[in-house]
Amino acid sequence: MRRLRFPHPLTLLTVAILAAAALSYVLPAGEYERRDDPVTGRSVVVPGTFHEVEANRIGAFEAIVAIPRGMADRADVVFLIFLIGGAFAVFDATGALRRGVTWLVRGLEGREILAIPVVCLAFAAGGVTENMQEEIIPLVPALMLLTKRLGYSPMVGVAVSAGSAFVGSAFSPINPFQVQIAQKVSDVALLSGWAFRLAFLAIALGLWIWWTMRYAARTRAGPEAEETTDVSEPDGALGWRDVTIFAIVASTFVVLVWGLLRWEWEFDHMSALFFIMGVVVGIIGRLGVTGTAHAYAEGFRSMGYAALLIGFANAIYVVMDDGRIIDTIVRGLFVPLADLPLALSAIGMSAAQGVLHFAVPSVSGQAVLTLPVLVPLSDLLGLSRQITILAYQYGAGLCELITPTNGALMAILAASGVRYESWLRFVIPRYLMLMALGAVALVIALAIGYS
């Protein structure tokens with residue numbers, strides 16, 4: 001029996017866009033009223049206001065028109081991808097990156113497996129602190145170089161980066177784009193309940209790292225020799241320029257986290273920060289103004305496909321929103337949960353959030369869409385708002401691992417040369433076990449009166 005093979009990512013997303021348009025002919029149109037929330041700075045639904053509206057059936061041509069609209073709606077993310085990609089192309093052009101990889105590989109000789117937990121924890125930290133996703137895309141070439149030199153497959157590179165970041169985001173106690181927005185919308189004290197979340201974050205990351213290390217050890221082909229030798233530094237040693245460049249790159253991420261947590265930076269601020277990083281790295285790396293500009297242009301070209309995938313994925317939501325069926329789906333998924341026992345209701349919320357995430361691939365957008373509906377329902381059921389937020393985090397956050405409407409995931413897979421169906425075979429058993437861990441956390445939270 002032949003294994004299931006998915007079509008090219010652009011084909012898959014185009015089919016999904018047309019399927020979303022077809023749903024506008026099947027599902028009844030309906031909407032919640034919305035209000036501007038000064039606390040979150042976003043438009044949130046008003047609970048109890050769902051009503052049927054005139055249907056707006058989306059034709060095939062209108063669905064295709066939604067593709068450029070989807071790109072325009074995510075312009076901030078698209079430009080972030082281009083500017084980060086350009087900055088890391090400059091980083092690579094200095095030669096510091098390859099010399100750093102050589103230095104690391106030689107230092108790990110005979111202990112290559114130790115690279116797995118170190119890299120996993122680094123990307124998990126990005127997920128925990130700033131919901132790291134699109135920022136991974138320009139790092140893929142460096143990850144593939146490192147895993148290749150260590151003898152590991154591209155799948156390992158995706159697992160230690162995107163996998164770790166997505167798991168860190170889903171279980172994070174501080175993620176500004178998930179838990180903090182959810183707590184603001186739910187009128188829950190900001191960052192409250194962090195200790196409980198931190199405990200399950202440690203368990204989830206421990207499991208993910210263990211699974212990845214086992215897979216890496218089982219599939220390792222042996223380290224690959226360096227194709228070219230850089231004689232500028234003997235024996236793979238790092239010069240002062242290399243050390244300085246790595247320090248600048250590391251400092252950029254520190255400033256990024258600080259800006260997100262303290263100054264509420266958005267994608268435009270992040271783009272500007274990485275552009276500055278690339279310019280400074282190019283100057284220190286002796287590329288000159290022209291060399292830095294050439295490296296930026298090369299980086300922009302390499303990020304074009306990834307940016308397209310982000311726009312195509314967002315077009316699915318644009319079509320459903322135009323068809324006025326998003327709110328219908330939300331109501332259909334969550335209202336029946338009121339008839340379930342409390343524990344099953346909490347677990348059902350998590351599962352329903354996962355299903356909804358295919359249609360609403362923005363975790364922050366999903367928070368402001370669903371939690372105003374779920375919080376009054378939870379209050380009526382006697383379910384803690386904190387548990388409702390946990391259900392949202394685990395359901396929506398972990399779905400990032402598998403949903404093809406997550407443009408960042410599809411772009412990372414494409415850049416890594418890993419087929420979507422191959423990733424699914426790797427990740428689905430682990431995704432199901434992490435969802436089970438989330439269900440256990442919800443039951444324990446209910447038993448101890450977590451609030």
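**A guided tour of salt bridges, pockets and a cavity**

The count of salt bridges comes to 8, a salt bridge being a side-chain nitrogen of Lys or Arg within 4 Å of a carboxyl oxygen of Asp or Glu. This is a predicted model, in which local features need pLDDT of at least 70 and side-chain atom pairs count only at pLDDT 80 or more, whereas totals for chains, interfaces and linings use all residues. Residues are numbered from 1 along each chain as its sequence is written, and side-chain values use heavy atoms, with hydrogens and water left out.

Select Arg 34 and Asp 327, whose closest N and O atoms are 2.9 Å apart in a salt bridge. Arg 34 belongs to strand 2 (residues 34-37) and Asp 327 to helix 14 (residues 326-334), so the pair ties together parts that are 293 residues apart in sequence. Helices (H or I, at least four residues) and strands (E, at least two) are DSSP runs, numbered from the N terminus. Is Asp 327 buried or exposed? Asp 327 is buried, with a relative accessible area of 5%, while Arg 34 is partly exposed at 40%. Here buried means under 20% relative accessible area, exposed over 50%, and partly exposed in between (1.4 Å probe, protein chains only).

Next, select Arg 220 and Glu 112, which form a salt bridge with an N to O distance of 3.6 Å. Arg 220 is in the loop between helix 9 (194-219) and helix 10, and Glu 112 is in the loop between helix 4 and helix 5, 108 residues apart. Glu 112 is buried at 10% relative accessible area, and Arg 220 is partly exposed at 30%.

Then select Glu 421 and Arg 419, where the N to O distance of the salt bridge is 2.4 Å. Glu 421 is buried, with a relative accessible area of 5%; Arg 419 is partly exposed at 33%.

On a 1 Å grid over the protein atoms alone, a pocket is an open set of points with protein on both sides within 12 Å along at least five of seven lines, a cavity is a set of points where a 1.4 Å probe fits but cannot get out, and lining residues have an atom within 4 Å of a point. A volume is the space filled by probe spheres set on the points, which are joined across faces, edges and corners.

The second largest pocket has a volume of about 920 Å³. Of its 31 lining residues, Ala 122, Phe 123, Leu 139, Phe 246 and Val 249 are the closest to the centre. Which helix gives the largest share of this lining? Helix 5 does, with 9 residues.

The structure holds 1 cavity of 30 Å³ or more, and the volume of the largest cavity is about 60 Å³. Select its lining: Ala 115, Ile 116, Val 119, Leu 143, Leu 146, Thr 147, Leu 150, Tyr 152, Val 156 and Val 160. Helix 5 (115-130), helix 6 (140-150) and helix 7 (154-170) are the elements that give two or more residues to this lining. Helix 6 gives the most, with 4 residues.

**Last stop: an exposed residue**

Finally, select Val 26 in helix 1 (residues 9-26). Val 26 is exposed, with a relative accessible area of 62%.
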